Amino acid sequence: MDIEQKQAELIEYFVKQAETHKGSSLSSIIIEATSHPSLFAFSEILSVPNVVELEGTESSVYLDVLRLFAHGTWSEYKSNAGRLPGLVPDQVLKLKQLTVLTLAETNKVLPYDQLMQELDVVNVRELEDFLINECMYAGIVRGKLDQLRRCFEVQFAAGRDLRPGQLGSMIQTLTNWLGTSDNLLLTIQEKIKWADTMSESDKKHKREVEERLEEVKKTLSLKADVDFRGLEETYFEPGGVMDYEEDRSRPKRKRVN
């Protein structure tokens with residue numbers, strides 16, 4: 001089963017669980033969902049009416065926890081730990097995994113120093129083990145560990161839930177991208193048209209050169225034929241031959257001593 005299919009099934013399961021529970025009984029559902037090793041999306045659970053109704057109640061801190069796992073990071077939890085419930089080890093691991101995804105959203109080269117600070121990791125070996133065993137093996141990121149440059153080069157990262165207000169900026173980014181793509185397509189089409197025009201021009205020029213070459217060949221051939229005929233008339237006309245023969249038959253004069 002691929003990651004996307006499993007995610008969809010888990011989301012459906014926890015949504016149904018949230019729909020059948022109310023009030024404080026939802027806290028266990030939220031803890032279970034945020035601890036599950038294969039679940040990394042929580043917006044559908046957040047939108048369940050029973051969960052939304054936790055706002056302003058004694059159990060609202062669990063709504064805050066769910067929001068944290070949907071959009072937040074480990075650093076944000078530490079900053080608000082005083083007003084939030086303590087996290088179990090599986091939740092801590094999950095939130096650190098999600099933190100890596102958040103960092104990978106905006107940077108494809110993540111320095112080790114930044115990762116160690118964000119994840120509360122004390123050394124490079126522990127960091128690399130975490131990235132390999134808990135992130136890459138889990139299928140949420142792919143990349144290359146560069147020990148020489150002390151960085152993680154991200155090749156792929158799973159997406160997180162959209163933050164409030166993020167949809168608008170994403171739509172704007174996509175709109176800008178579409179505009180750039182349209183302009184690029186027009187430029188490519190113009191280049192193709194120009195190339196076709198130049199190709200036709202080159203073909204026309206080649207035809208003209210070949211035609212002129214043929215004309216020159218014909219002209220040279222005609223001139224050579226005319227010159228040959230002139231020479232033939234000069235050396236082989238009857239009068240010329242007779243004069244030569246007469247000259248040979250005429251007796252030579254004797255020399256007088």
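**Exercises on a predicted model**

F156 touches G139, I140, V141 and R142, where residues up to four places away in sequence are not counted and contact means heavy atoms within 4.5 Å. The structure is a predicted model, in which local features need pLDDT of at least 70, side-chain atom pairs count only at pLDDT 80 or more, and totals for chains, interfaces and linings use all residues. Residues are numbered from 1 along each chain as its sequence is written, and side-chain values use heavy atoms, with hydrogens and water left out.

**Exercise 1.** Describe the setting of F156.

*Solution.* Step 1: F156 lies in strand β3, residues 151-157 (helices, H or I of at least four residues, and strands, E of at least two, are DSSP runs numbered from the N terminus). Step 2: its relative accessible area of 29% makes F156 partly exposed (buried is under 20%, exposed over 50%, partly exposed in between, with a 1.4 Å probe and protein chains only). Step 3: G143 is 13 residues from F156 in sequence, yet the C-alpha to C-alpha separation is 6.7 Å.

**Exercise 2.** Determine which face of helix α1 is buried.

*Solution.* Step 1: α1 covers residues 3-19. Step 2: its buried residues are Q7, L10, I11, F14, V15 and A18. Step 3: viewed down the axis of α1, these fall within an arc of 135°, so they line one face of the helix (the arc is that of the directions from the helix axis to the C-beta atoms). Step 4: their cover includes α2 (26-35), α3 (43-46) and α4 (49-52).

How values were computed:
The expected span of a helix is 1.5 Å times one less than its number of residues.
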